[in-house]
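I opened my notebook to look a few things up in this structure.

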Amino acid sequence: MKKFEGYFHGIDLGGWLSQCDYSQDRLDNFIKKSDIEKIKSWGLDHVRVPVDYNIFQSDDATFIDTGFECVQRCIDWCGEYGLNMILDLHKTRGFSFDKGEGESNFFTDEKLQQAFYDLWEEFARRYVKYADRLAFELLNEVTEPSYIDSWNHISGEAIKVIRKYSKDIRIIVGSYWNNSLDAMKDLAAPADENIVYTFHCYDPLIFTHQGAYWVDEMPHDFRLAYPGSIKGYEEKYSEIGLDKLCDFAHITVKELSEKYFEERFTEAKRVSEERDVPVYCGEYGVINLADPQDSLNWYKDICTAFDNFGFGRAAWSYKEMDYGISDAHMDSVRDELLKYL
């Protein structure tokens, strides 16, 4: 199975150039060179950097230099400390994975799609010279299955735009249901040998998102330990009326462990081998409302499965964003946790 070399052990820099107030103070100070130095000291090999279109494109679609300068700083810092980097477009004009953003029409509006192509062309023009240590992720978490045909076309066109500047830079593509591994099979066949498929894994969601204010039907005071039995977790889903999504589809094990994640990853492995394409998990993590020891137990299991399958990954997230691994909440378990990320 082909692997995504150089991107096995990473962390997301969420909340810096994306999902924030976009103030100059945020852009200048939320992540600094010292943070990249710390991440390197943790033994990781890359960072995934989410960015939103509006720090690069004004309302009339002209480019904003300060946004590109932030990305360049991070590229330079990563180069200094020997880290690879993924540039992830988390939000584009007309689409956000967060329904609260009110973005729409990207998948049907050619003008919005052209703005997307224009932005990726500018990223390519500026940054493909770092292709030996930089990868591009086209768009974070396509949501609805109905978008897949349009997304396959749009992503294919974006790949063509980037390939005018580099045949070698790795380009990462995810599917619907928020980069679900179960939807990976519906992605277009890899356009070339430097395409990577991505998925996100927060399974079981009832544990990793316990008490999350943004999850419908999730009681804010709900708490759950890890590990536990599959049956017990299913009963908890029923008690609170939360859709199980695909958390336990086709699962034969009875208890949550690394074997559970191995069964969940089997489909991604099948697609990877069938299409000769690397598979990468761009996000996984546990909300900071969970007990730290339970979180550590979960990280041990999922990371063991990642290693057994040879999947690269980036934990969500380095700092704050309700999941911060560097936050005080994780102080008691962080040293042990870093052995697994």
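**Entry 1: strand β5**

I kept in mind from the start that this is a predicted model. My first stop was strand β5, which covers residues 134-137. Are its faces covered or open? I found both of them covered. Leu134 and Phe136 are buried on one side, and Ala135 and Glu137 are buried on the other.

Next I looked up the partners of β5. Strand β3 (residues 84-92) runs parallel to β5, and four bridges join the two.

**Entry 2: strand β9**

I then turned to strand β9, residues 312-315. Both of its faces are covered as well: Gly312 and Ala314 are buried on one side, Arg313 and Ala315 on the other.

Which strands pair with β9? Strand β1 (residues 9-12) is joined to β9 by three bridges, and the two run parallel. In that pairing I found His9 opposite Arg313. Strand β8 (residues 279-284) pairs with β9 in the parallel sense too, over two bridges. Here Tyr280 stands opposite Gly312. From β8, the chain passes through helix α10 (residues 292-309) to reach β9, in a right-handed β-α-β crossover.

Ser272 lies in helix α9, which spans residues 258-275. Why does Ser272 count as buried? Its relative accessible area is 1%, and the cut-off for buried is under 20%. I also listed its contacts, skipping neighbours within four places in sequence: Met1, Lys2, Val277, Pro278 and Val279.

Ile206 sits in helix α7 (residues 205-208). Ile206 is buried, because its relative accessibility is 0%. Which residues touch it, once those up to four places away in sequence are left out? I wrote down Met218, Phe222, Leu224, Tyr233, Lys236, Tyr237, Ile240, Leu242 and Asp247. Then I checked a distance: the C-alpha atoms of Ile206 and Phe63 are 41 Å apart, and these residues are 143 places apart along the chain.

**Entry 3: empty spaces**

Rolling a probe the size of a water molecule over the atoms shows where empty space is left. How many cavities of 30 Å³ or more does the structure hold? I found one. The largest cavity has a volume of about 30 Å³. Its lining is Val286, Asn288, Tyr299, Tyr323, Gly324, Ile325, His329 and Met330. I sorted the lining of this cavity by class and got five nonpolar, three polar and no charged residues.

Last, I looked at the second largest pocket, which holds about 170 Å³ of space. Asp182, Cys246, Ala249, His250, Glu263, Arg264, Thr266 and Glu267 line this pocket. By class, its lining has four charged, two polar and two nonpolar residues.

Terms used: Residues are numbered from 1 along each chain as its sequence is written. This is a predicted model: local features need pLDDT of at least 70, side-chain atom pairs count only at pLDDT 80 or more; totals for chains, interfaces and linings use all residues. Side-chain values use heavy atoms; hydrogens and water are left out. On a 1 Å grid over the protein atoms alone, a cavity is a set of points where a 1.4 Å probe fits but cannot get out, and a pocket is an open set with protein on both sides within 12 Å along at least five of seven lines; lining residues have an atom within 4 Å of a point. Grid points are joined across faces, edges and corners, and a volume is the space filled by probe spheres set on the points. Ala, Val, Leu, Ile, Met, Phe, Trp, Tyr, Cys and Pro count as nonpolar, Asp, Glu, Lys and Arg as charged, and the others, Gly among them, as polar. Buried means under 20% relative accessible area, exposed over 50%, partly exposed in between (1.4 Å probe, protein chains only). Two strands pair if DSSP finds at least two bridges between them. Contact means heavy atoms within 4.5 Å. A crossover is right-handed if, with the strands pointing away from the viewer, the path from the first strand over the helix to the second runs clockwise.
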